[in-house]
Amino acid sequence: MKDLNGIIVIEADGAELGTFVHRHAPALNEAVATAGAVLVTGAEAEGVGGFQGALDALGFRPLAYTERSTPRSEVGDGVFTSTEYPAREVIPQHCESSYAGAWPGRLAFYCATPARTGGATPITDVARVLQEIPAEVVDAVGTRGLRYVRNYGSGVGLDWREAFQTDSREEVEAFCVAGGLQWQWLDDDRLRTVRNAPATAVHPRTGRRIWFNHLVLFHQSSLPGTLRTDLVGLLGEDALPNDVLFGDGSPIPDDMVAAVRSAFERHAVRFDWRRHDLMMIDNMRWSHGREAFTGERRVLVSMSDLISRADLATAPAGRQSSYAPLTASGKTSQ
C-alpha cells in the first residue's frame, strides 16, 4: 500500500479483481473512509462482469443515472460508460451530479481499455480547493448562491427523454416536484429546468466544508474554442443546454470562474490508467474530470449511496468515523 498525493494505492499483483476486492473489502472501504480515494492496480478482470463482481464485494447498490447532464451508455446493471464526449475535449473538475437534488456518495471507475496517450481521470480534494479559492469569490457565491439553468430538446445537448429516462411528461414533472426543481415546457417539445443551490456543503462524515457545485463545468467560459459564441448566437443566452448563474439570475464573471478553475488545476492529482485498474472515490471529498486523449479509451463507472440535500440538512456532521454503506435515502445502514 502506498500514497499517491492523497490516493491510497493498493497493488493486486495479478489477482483476479473481484476475488481480490472480496478478500480485502473491509480494508478498501475503510481506506475510502479515511482518504476518500483508493486505486487498486495490477489486477486481472473479465470486462464488465469483473467490474460488477468488485462492486458487489464492496457493497455497491448501483444507482440509476437520472437528471443526466452528459451522454452515457448503460453496459451492465448500474454500470455506465464514462461521459461520451469527443476525445479532444477536456472535461473540467466536478463532483458527480452536484447540480442535482441528490447525488451518489461513492463512485467506482474501472479501466477496461487505457488510452494510447492522455485520458487520465484527475481528481481533486474539494475541501482543499475551497481553501484555495480567493475569499471574494467564495463570499460572492456564498452570499448569492448559484442558479443552474438547463434546456433540453433544442437539438444541442440532451433531449429531456434521455436526461430523465422517460417518455412521460407527467413523470418528469413528478421528479421535479419531488426534487425541488422548477420546470417549464416550451415550444417545439423543449423543457427548461431551474434549480437554486448553494456553492458549498458540509461533508456528512467529516464535518468539513467543501466546494460542491458544477460552477466550472456548466459555466459558459468552459465551452471550448468558439463554441460559446456560436451557441449563444444560435440559441440565445438563456437557452444553452447547461448554464450556471448567480442565484438572482445575474451572470457570474469569467474571471471568478477562472480563479476557481485555477485552484482545481493547482491541486489535481493524476495517474495514467492501466488496464483493469479500479478507483473508488468519495464523491463529496474528491472531484474528478477527464483529460483529452488519443486511442480507444474505455473507462466504466458505477454510482452508489444516494445522498440528498434534505439528508445534508438533517444528518449530524462527522458522525461516522469509518465507512458504512448508505441506504437509498442516504441514511446510514447499521
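**Pockets and loops in a predicted model**

Biologist: How do the residues of the lining of the second largest pocket divide into nonpolar, polar and charged?

Modeller: First, this is a predicted model, where local features need pLDDT of at least 70, side-chain atom pairs count only at pLDDT 80 or more, and totals for chains, interfaces and linings use all residues. A pocket is an open set of points on a 1 Å grid over the protein atoms alone, where a 1.4 Å probe fits, with protein on both sides within 12 Å along at least five of seven lines, and lining residues have an atom within 4 Å of a point. Ala, Val, Leu, Ile, Met, Phe, Trp, Tyr, Cys and Pro count as nonpolar, Asp, Glu, Lys and Arg as charged, and the others, Gly among them, as polar. The lining splits into twelve nonpolar, four polar and two charged.

Biologist: What is the volume of the second largest pocket?

Modeller: Residues are numbered from 1 along each chain as its sequence is written, and side-chain values use heavy atoms, without hydrogens and water. Grid points are joined across faces, edges and corners, and a volume is the space filled by probe spheres set on the points. For the second largest pocket that gives about 350 Å³.

Biologist: Which element gives the largest share of its lining?

Modeller: Helices (H or I, at least four residues) and strands (E, at least two) are DSSP runs, numbered from the N terminus. β7 (102–113), α6 (169–179) and β19 (298–308) each give two or more residues to the lining of the second largest pocket. The largest share, four residues, is from α6.

Biologist: Which residues are the closest to the centre of the largest pocket?

Modeller: The largest pocket has a volume of about 880 Å³. From the 34 residues that line it, the closest to the centre are Y85, V90, P92, L217 and S222.

Biologist: Is E67 buried or exposed?

Modeller: E67 lies in the loop between α2 (47–57) and β4 (74–76), and its phi is positive, near 55°, although E67 is not a glycine. Buried means under 20% relative accessible area, exposed over 50%, and partly exposed in between (1.4 Å probe, protein chains only). The relative accessible area of E67 is 3%, so E67 is buried.

Biologist: And D13, buried or exposed?

Modeller: D13 sits in the loop between β2 (7–11) and α1 (17–35). D13 also has a positive phi, about 55°, without being a glycine. With 66% relative accessibility, D13 is exposed.

Biologist: How many disulfides are there?

Modeller: A disulfide is a pair of cysteine sulfur atoms within 2.5 Å. By this rule the count is zero.
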